[in-house]
Amino acid sequence: MPSKTHNPEITPKFHPEITPPLEELEAQERRLVFRQFSYDDAWALGSLLVDMARERQAPVAIDIHRAGQQLFHAALPGSTPDNDAWIGRKRRVVERYGAASYLVGARFRAKGTTFEDSSRLDPDTYAAHGGSFPINVEGTGVIGSVTVSGLPQLEDHRFVVEALEEFLRATPL
């Protein structure tokens, strides 16, 4: 739920006609790969997301998991306990499919159906909505996820992607 300071210019509503093509979403996953991912990396990435959210007055909750362990969590003003429930549902999609929650949903939509109608998974446990992105480590594969909840789903996805791009640009090789 947006806060009173919510800026619709920053977080426009989801519209199918602005959904990025599958190729673009898949390219993001190929590009956003870590060389390693430590506890310190989780703290730094989580802190970056918090700073970005504060700058934008985004009412989000942020979560980073690795190998089943929560390494980072923050809830900013305007977020609610419901955002934590969404985080869990979106994170489980990443864990099950090894792909971004938004990409998983987009793949179902590209087939003319929905995740809820065709995945055969409980929608109270899984949500293929934007905002959870795999933490993929070079030579290892998906080891965790970074998840944001509180904005419209495409904006949750874009917010995480933007933070990952900035984080990986700043990370020394």
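Is E95 buried, exposed or partly exposed? In this predicted model, E95 has a relative accessibility of 48% and therefore counts as partly exposed, the limit for an exposed residue being over 50%. The side chain of E95 meets that of R91 in a salt bridge, with an N to O distance of 3.1 Å, and R91 for its part is buried, with a relative accessible area of 14%. Both residues belong to helix α3 (residues 81-97), where a spacing of four residues separates them by about one helical turn.

The protein as a whole contains six helices and five strands, which follow one another along the sequence in the pattern α-β-α-β-β-α-α-α-β-β-α. Of its 173 residues, 46% are buried, and the protein exposes about 9000 Å², of which carbon and sulfur atoms supply 50%. Among contacts with a separation of 6 or more, 68% are accounted for by residues 24 or more positions apart.

Salt bridges within the protein number six. One of them joins the side chains of E165 and R31 at 2.4 Å, N to O; because E165 lies in helix α6 and R31 in helix α1, this pair ties together parts that are 134 residues apart in sequence. E165 is partly exposed, with a relative accessible area of 25%, and R31 likewise counts as partly exposed, at 46% relative accessibility. A further salt bridge is formed by E162 and R56, with 2.5 Å from N to O, and since E162 lies in helix α6 and R56 in helix α2 (residues 39-56), parts 106 residues apart in sequence are tied together by this pair. E162 counts as partly exposed at 32% relative accessibility, as does R56 at 25%.

In helix α1 (residues 22-31), the buried residues are L25, Q28 and E29. Viewed down the helix axis, these buried residues fall within an arc of 95°, so they line one face of α1. The cover over them includes β1 (33-34), α4 (101-110), β4 (132-137) and α6 (153-170), whereas the face of α1 turned away from the buried side carries the exposed residues E23 and R30.

The side chain of R66 is instead joined to that of Y39 by a polar contact of 3.5 Å. Leaving aside residues up to four places away in sequence, R66 touches F37, S38, Y39, L71, I143 and G144.

Key
Residues numbered from 1 in each chain as written. Predicted model: local features only at pLDDT ≥ 70, side-chain atom pairs only at ≥ 80, totals over all residues. Heavy atoms only, no water. Buried < 20%, exposed > 50% of the residue type's maximum accessible area, 1.4 Å probe, protein only. Helix = DSSP H or I, 4+ residues; strand = E, 2+ residues; numbered from the N terminus. Arc of directions from axis to C-beta. Contact = heavy atoms within 4.5 Å. Polar contact = N/O pair within 3.5 Å; in protein donor to acceptor, adjacent residues only side chain to side chain. Areas by Shrake-Rupley, 256 points an atom, 1.4 Å probe, with all protein chains shown as cover. Salt bridge = Lys/Arg side-chain N within 4 Å of Asp/Glu carboxyl O.
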